[in-house]
Amino acid sequence: MAHRLLLAVLLATLPALAQQPRPKSSNQVTATRTVHIFADLERELGAALHSGDQATLDRLLAPDFEVRRSSAPGVPVPRAEFIAEPHPPDSSLSQMAVRLVGSAALASFITSDANTTQFVVDTWAQDGSGWKLVERYECPSSASADQAPAGDKRPTGRQ
């Protein structure tokens, strides 16, 4: 009896579990909810760095936060030194991708301002109060902030 009930419930839910096909007419890549969450956090962090909003910085940066730069990867920049650096107000983010790994998130993106373009990988850790940035890796980049890499061979679903 229990097996028949379980089978009936399973059969009734199968249509809801079926994956919907992707539309074939669109080649547009849409950002996921996770990407939106971390893009918002990154923009909020950038604004706080520029304005010196210590309360927001304390909320978003872990106490042991540090930055590692490709020019000296073995010499981390401590939190206080990073905060004291100049942070331009007109930075833009593009090409963001986020990978969740347990209670951590790796957000990679291109950031650009009037003077520099960098590839950044941020490691965010989730705690009881939300997400905190634990580690940042920065590398100068020649990538255009508004353009996908040349020769992108990812499948689009079109023939």
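This is a predicted model: local features need pLDDT of at least 70, side-chain atom pairs count only at pLDDT 80 or more; totals for chains, interfaces and linings use all residues.
## Overall architecture

The protein contains four helices and six strands. Along the sequence, these elements follow the order α-α-α-β-β-α-β-β-β-β. Of the contacts with a separation of 6 or more, 44% join residues 24 or more positions apart.

Buried residues account for 25% of the 159 residues in the protein. The accessible surface amounts to about 11100 Å², and carbon and sulfur atoms contribute 58% of that area.

## The largest nonpolar core

In soluble globular proteins, nonpolar side chains tend to be buried together. In this model, the largest nonpolar core comprises 23 residues. The members that touch the most other members are Phe38, Leu45, Leu57, Leu61 and Trp124. At least two residues of this core come from each of helix 2 (33-51), helix 3 (54-60), strand 1 (61-69), helix 4 (79-84), strand 4 (104-112), strand 5 (117-127) and strand 6 (130-140). Helix 2 makes the greatest contribution to this core, with seven residues.

The surroundings of Leu57 can be listed residue by residue. When residues up to four places away in sequence are set aside, Leu57 touches Leu45, Ala48, Leu49, Arg79 and Ile83. Leu45, one of these partners, is also named among the core members that touch the most others. Arg79, another partner of Leu57, takes part in a salt bridge as well.

## Salt bridges

Side chains of opposite charge can pair when their charged atoms come close. Across the whole structure, 10 salt bridges are found. One of them joins Arg79 and Asp58, with an N to O distance of 3.1 Å. This pair connects distant parts of the chain, with Arg79 in helix 4 and Asp58 in helix 3, 21 residues apart. Arg79 counts as buried, at 16% relative accessibility, because the cut-off for burial is under 20%. Asp58, in contrast, is partly exposed, with a relative accessible area of 38%.

A second pair lies within helix 2, where Arg43 and Asp40 are three residues apart and therefore separated by about one helical turn. Their salt bridge has its closest N and O atoms 3.5 Å apart. Arg43 is partly exposed, at a relative accessible area of 47%, and Asp40 is likewise partly exposed, at 46% relative accessibility. A further salt bridge joins the side chains of Arg68 and Glu66, at 3.0 Å from N to O. Arg68 is partly exposed, with a relative accessible area of 22%.

Helix 2 gives the most to the lining, with seven residues.

Pro88 is located in the loop between helix 4 and strand 3. Pro88 counts as partly exposed, at 32% relative accessibility. Apart from residues up to four places away in sequence, Pro88 touches His50 and Asp113. The C-alpha atoms of Pro88 and Gly46 are separated by 8.4 Å, although these residues are 42 residues apart along the chain.

Gln95 has a phi value near 50°, which is positive in a residue other than glycine. At 34% relative accessibility, Gln95 counts as partly exposed.

Conventions: Residues are numbered from 1 along each chain as its sequence is written. Side-chain values use heavy atoms; hydrogens and water are left out. Buried means under 20% relative accessible area, exposed over 50%, partly exposed in between (1.4 Å probe, protein chains only). Contact means heavy atoms within 4.5 Å. Accessible areas come from the Shrake-Rupley method with a 1.4 Å probe; for residues, only the protein chains shown count as cover. A nonpolar core is a set of buried Ala, Val, Leu, Ile, Met, Phe, Trp, Tyr and Cys residues joined through side-chain atoms within 4.5 Å. A salt bridge is a side-chain nitrogen of Lys or Arg within 4 Å of a carboxyl oxygen of Asp or Glu.
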